[in-house]
Every structure is written in C-alpha cells, then in structure tokens.
Amino acid sequence: MTTFELIVQPDAEEPGAAEIFVAGVVAGRPYHFLLDTGAARTTLPYDAHTATYPTAGNHRGSGVFSAFHEDLITVPRVVLGPIVRTDMTVIRTSGQTSGHPLIGMDLLKEHCLLFRFGERRVWVDPARFTVESSLNQELWLDKAAHPYVSVWFGALEAQAVWDTGAGITVVDLDFVREYPELFQEAGSSTGTDATGMSMSTPMFLMTAMVIGNIAFPPQRVAGVELSGVNARLERPMNLILGYNTLSRADWMFDFPQRRWGASPVAGE
C-alpha cells in the first residue's frame with residue numbers, strides 16, 4: 001500500500017469547511033487521527049493504553065486561542081498507511097485539552113506526499129517522475145517543520161502555513177487591519193483550535209489570491225488575532241490555509257527536499 005485514505009468530515013455550519021481524519025495504528029491499537037500539518041508533534045489521548053507508558057518529558061504547545069502543557073511518551077510503533085515509525089515520542093494529553101488525537105509533522109516530514117482531496121487520498125513517496133516536474137516551488141519549513149507557502153494578492157506577498165488541521169482558512173486580524181481592501185466583513189462563526197478551545201470569530205470574504213501559480217477565487221475566511229502565536233515563530237504567518245482552500249487543488253510536498261507544487265483540480 002502506497003497511499004492512505006482521507007476521511008473528510010464536513011462542517012455542519014460552515015459550507016466548504018471540513019476536518020480531515022485518517023486511520024492510524026499505535027502499538028497494534030487503532031486510533032482516529034486528525035491529519036494536522038500545522039502540528040509539530042503527533043498527539044495521543046490519555047486512555048487505558050497510553051496510561052501504561054512512563055512520562056518521557058514535557059511539552060509546551062499552543063493553539064490559535066490558547067496554550068497547554070502535556071506529557072511526552074515513547075510508543076513502540078506508529079503506522080499510517082505505508083508510513084511506519086518505531087520508538088516514536090509523542091504528546092499524551094492529560095485532560096487539560098479536549099482536541100482530537102493528531103498526526104503531526106514529526107511523522108510526515110521525512111516523506112514526499114501527494115495530496116488529492118477530491119479523491120480523498122494521499123500518495124506516499126510516489127514515483128519521482130510523477131511529481132518532480134510539478135515541484136517547482138521552494139518550501140520553507142520552520143524548526144517545528146510547519147510548511148510555509150507564499151500567497152499573492154497582486155504584487156503583495158503574504159506568508160501562509162499550509163495546515164490540513166484547519167477546517168477553514170484563517171487570516172491574522174493584523175493583516176486585515178493593514179490591508180482592509182482585501183476583505184469584506186461577513187458575519188461571525190465559532191472556531192475551535194488544536195487544544196479543543198472554541199471561540200466566536202469574525203468572518204470575512206477575502207479577495208482572490210494566487211498560490212503556486214494557481215488562481216483561487218474569493219472565499220470566506222476566519223479572522224483571528226495571531227500576534228501572540230506569531231511572537232513565538234521564526235516566520236510570522238499572515239494566513240493559515242485550511243480545508244476550504246486546500247480542497248481546491250492537488251498538492252505535492254517533498255518535505256526532505258523542501259520543494260512543493262500544486263495543480264488545479266478539474267472543474268475548478
């Protein structure tokens with residue numbers, strides 16, 4: 001098997017938004033994971049299985065709304081389709097957070113991945129000739145391996161994290177205030193971050209943009225104050241690209257070689 005399936009769960013209240021889940025196995029036990037390229041580390045819940053592992057350290061993390069501290073544990077084996085990792089150190093939630101188990105970049109960053117959301121499938125390390133001609137963009141990864149891509153509004157370049165864990169694209173409200181001509185107010189919605197914390201957020205209709213030579217039409221985005229998160233990042237982000245954007249293209253990421261590319265989905 002060279003692929004794994006994407007389980008897409010549409011948002012009941014926000015058209016076009018969705019969460020992306022995958023079926024994984026940890027030490028022989030199945031888990032239903034949120035696939036989250038915006039998360040540095042894979043996360044497991046505190047349950048009867050994970051409680052048997054001794055603490056291997058502590059981790060401080062954050063979502064877009066709140067921060068958290070959790071234990072680290074080392075599990076003997078994690079499997080996601082053809083991806084297998086042994087003796088992997090992951091986060092174990094303590095009950096402080098209520099989010100889903102996550103597959104993070106620690107499991108994905110050593111592979112070349114082809115994401116086809118329309119087919120609800122990811123190809124792992126596909127034959128080079130099938131993707132190398134499309135890997136025409138330089139990929140920037142921070143120390144936590146968060147993938148950054150450039151977003152263009154005309155001649156204006158914005159920095160965006162490519163985040164399969166985001167159900168909808170998020171824009172930093174500082175960016176909205178700096179470039180109000182790119183946004184129209186569009187009501188409000190309730191968003192949930194990686195910690196499980198929910199908050200009402202203003203919504204905007206964002207103007208058309210270009211990512212990787214593909215034109216994306218205007219779309220709804222959630223406005224969030226990202227200044228606190230950005231203060232801790234090597235490269236501040238203006239946007240977090242979520243499912244309503246990602247689903248409009250096929251995406252190829254060669255994480256080890258730090259290259260990426262995208263191609264339009266038929267009919268888009």
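Residues are numbered from 1 along each chain as its sequence is written. In this predicted model, local features need pLDDT of at least 70, side-chain atom pairs count only at pLDDT 80 or more, and totals for chains, interfaces and linings use all residues, while side-chain values use heavy atoms, with hydrogens and water left out.

An open sheet holds six strands in the order β1-β11-β10-β23-β24-β12, with antiparallel pairing. Its edge strands, β1 (3-5) and β12 (137-138), each pair on one side only. Strands are DSSP runs of E, at least two residues, numbered from the N terminus, and two strands pair if DSSP finds at least two bridges between them. Between β10 (residues 112-116) and β23 (residues 249-254) there are five bridges. Phe115 has Trp251 of β23 as its bridge partner.

Rings of Phe, Tyr and Trp (its six-membered ring) pair if their centres lie within 6.5 Å; planes under 30 degrees apart count as stacked, over 60 as edge-to-face and the rest as tilted. The count of aromatic pairs is 17. Two stacked pairs are tabulated.

| Pair | Centre to centre | Angle between planes |
|---|---|---|
| Phe115 and Phe117 | 6.0 Å | 20° |
| Phe216 and Trp251 | 6.1 Å | 20° |

Phe216 in strand β20 (residues 214-216) and Trp251 in β23 are 35 residues apart.

A charge sits over a ring if NZ of Lys or CZ of Arg is within 6 Å of the ring centre and within 35 degrees of the ring normal. Arg116 lies over the face of Trp123, 5.2 Å from the ring centre, and Arg235 over that of Tyr148, at 6.0 Å.

Key
Helices (H or I, at least four residues) and strands (E, at least two) are DSSP runs, numbered from the N terminus.
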